Amino acid sequence: MSAEIEAIGVELVEVPRFARVLARYGDRMLQRVFSADEIAYAQRKSRGEQNLAARFAAKCAGRRALRLAGAPGLRLRELEVVRKRSGEPTLAVHRPGVAQDLRICMTLTHDQDFAMASLWIERRSAQER
């Protein structure tokens with residue numbers, strides 16, 4: 001198994017600022033940026049704005065990295081943070097024909113002040129597809 005890194009993305013979001021934007025635009029922003037599952041996940045958490053801020057960071061980092069990997073023009077809503085069976089987060093791309101031969105590896109972290117996502121994108125070898 002060999003893969004080469006196509007792109008790297010990193011994003012840092014200030015949680016209190018993100019929470020203010022969320023309070024101002026409310027449901028309109030939620031529907032434009034997040035999937036129903038992402039919203040439901042955050043609503044189950046006591047500090048859901050931190051979870052949403054981390055997902056927002058992942059989407060921004062992912063969109064930037066995917067553009068470098070040859071997938072320009074993705075909207076934030078077309079990217080979704082999902083969990084693998086192992087619990088590891090990854091970024092799903094909901095646009096047909098995009099990222100089929102790419103593997104996205106990602107880490108998320110957050111506290112009351114900051115949320116951060118870092119990810120890298122590898123192109124799968126012919127044997128892995």
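Modeller: The protein chain has three helices and five strands, where helices (H or I, at least four residues) and strands (E, at least two) are DSSP runs, numbered from the N terminus. From the N terminus on, the order is β-α-α-α-β-β-β-β. Before we zoom in, please note that this is a predicted model, in which local features need pLDDT of at least 70 and side-chain atom pairs count only at pLDDT 80 or more, while totals for chains, interfaces and linings use all residues. Residues are numbered from 1 along each chain as its sequence is written, and side-chain values use heavy atoms, leaving out hydrogens and water.

Now to the two helices. Helix 1 (residues 15-33) packs against helix 3 (residues 48-68) with their axes 10 Å apart and at an angle of about 75 degrees; axes are lines fitted to C-alpha atoms, for helices over the stretch in contact, and angles run from 0 to 180 degrees between N-to-C directions. Helix 1 is therefore roughly perpendicular to helix 3, a label for angles of 65 to 115 degrees.

Which residues touch? On the helix 1 side they are V15, F18, A19, L22, L30 and V33, and these meet E49, Q50, L52, A53, F56 and K59 of helix 3, contact meaning heavy atoms within 4.5 Å. Nine of the residues in this contact are nonpolar, one is polar and two are charged. Here Ala, Val, Leu, Ile, Met, Phe, Trp, Tyr, Cys and Pro count as nonpolar, Asp, Glu, Lys and Arg as charged, and the others, Gly among them, as polar.

Technical notes. Angles under 35 degrees count as roughly parallel, over 145 as roughly antiparallel, 65 to 115 as roughly perpendicular and the rest as oblique.
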